[in-house]
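Here is a short report for a reader new to this structure. Look at the sequence and the model, then read on.

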Amino acid sequence: MKNQNYLWHPNTQMSEWNEFPKIVRGDGMWLIDEDGNRLLDGVASMWCNVWGHSKSELINAIIKQTKKLQHSPLFNLTNEPSELLAKKLLKISPNMAQVFFSDNGSTAMEIAIKIALQYWNNLGFNNKNKIATLENGYHGDTFGAMSIGYVPEFFSKFRSKLFSTLQFKVPRSYNLPKNVIEKEFENDCIKKIESKLSNDNTIAAFVMESGAQVAGGVNIYPKNFQKRVNSICKKYNVLFVLDEIATGFGRLGSMIEYKKQNCNPDIVSFGKMLTGGYLTFAATLTTKKISNSFLGEFYESKHLFHGHTYTGNPIAASLALENLKLYDKTKLIQKIQKKSKILENRANEFYELDVVGDVRHKGMLMGIELINNNSAKTRKSINKIVFEEGKKHNIFFRTLGNVVMLVPPLAISNTEINLLIDGTIKTINGISKMLK
Ligand SMILES: Cc1ncc(COP(=O)(O)O)c(C=O)c1O
């Protein structure tokens, strides 16, 4: 059907689209539209798909739980899938002691902010209420999440209603100022963070994505940067809050990215791949130090003032448990580490394309930054241009600004990774005239 304006698509200029391919079925790594066209899911259906589509173990977990109990709240009650999942998450997440479930990544980050602010409040430090963040970070589209992940291009329309944060520069390996080398830039970022945190005892928390900024265009932190920020936070009594919604659960090649980075966060959020990409669900975890501060007599009002209707939904929790079981059973993380080499070894092929400015890669994440010297001619969004060309080569893309994202389902086969890379090269070649 043409002009589907009755259905509002996310972050989309609706006038650019006459119609959207209608997906009717999923088959492994492929999405199939109503005309039978197959698209390789190059972005894991917005970075959440782990096993591909129609994975029988996950479907069965949903069916089995649906027949038993579809939903009962965690208000006054508990349910087995939520309890088992909380235990499992704590087992794999060092130093964490308590889990709060929610519906999506943005809400998981809202909860992280509320826990951090209320923690200090519970201890009587009411003026310790500033939040520090990194420039270019992204934590979701709700108001708190937009405030801590303020990207002007996305959120300037709402600026007046967002709370202000302390934003610090983030190290990067590309577009560096002239005559500045990467390490100097990183040291300068760290110096500024330490200088502020050592001089301002009203900072409640430092919030950042763990391992890499993804929506900010794939910016992989240099080794030890995250750990250095973590140490500064500990030194100056600032809570360290990590967002692993896009980067945990294997995306960067590790199950728990903060463990890999030798970090000790006070609060961490997971989402996206937690259910294998089949149902919306997220979790915010805290240490004992944090959760203990919420205990007290009822009249002291120290309990967490937060809750969602579907917090701890048993279907989503059962699904997440089955998903985690499959990670163990198939040794997925070890497999990702091997598969990631294919992306690494073929990265040079992208550099050979004349409209490619930079390629950034870690684990099963790659960002290919395009140089667009002709934005006047490309009045359409780069996303639309790349999507249309990608469709000709049977790949589903969703770009972020000028960055073509390769974020495939984690269990993608070697053959399909190579197909994805071949299709991406053809796609970039196909659009290069428009960008030159
Ligand atoms: C790092 C990070 N945090 C939070 C979110 C928000 O998650 P959701 O879209 O599920 O609300 C995202 C989404 O892309 C993300 O990448």
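Arg346 is in contact with Asn418, Ile421, Asp422 and Ile425, if its neighbours within four places in sequence are left aside. This is a predicted model. Arg346 belongs to helix H12, which covers residues 332–351. Is Arg346 buried or exposed? Its relative accessibility is 14%. Buried means under 20%, so Arg346 counts as buried. Gly357 is 11 residues away from Arg346 along the chain. The C-alpha atoms of Arg346 and Gly357 are 16 Å apart.

Now to the ligand. Which residues surround the ligand? They are Trp47, Asn104, Gly105, Ser106, Tyr138, His139, Gly140, Glu209, Asp243, Ile245, Ala246 and Lys272. By type, this shell around the ligand has 4 nonpolar, 5 polar and 3 charged residues.

How much of the ligand's accessible area does the protein cover? On its own, the ligand has 390 Å² of accessible area. The protein covers 83% of that area.

In short, Arg346 is a buried residue of helix H12. The ligand has Gly105, Ser106 and Lys272 among the residues that surround it.

Technical notes: Residues numbered from 1 in each chain as written. Predicted model: local features only at pLDDT ≥ 70, side-chain atom pairs only at ≥ 80, totals over all residues. Heavy atoms only, no water. Helix = DSSP H or I, 4+ residues; strand = E, 2+ residues; numbered from the N terminus. Buried < 20%, exposed > 50% of the residue type's maximum accessible area, 1.4 Å probe, protein only. Contact = heavy atoms within 4.5 Å. Near = heavy atom within 4 Å. Areas by Shrake-Rupley, 256 points an atom, 1.4 Å probe, with all protein chains shown as cover. Nonpolar A, V, L, I, M, F, W, Y, C, P; charged D, E, K, R; others polar.
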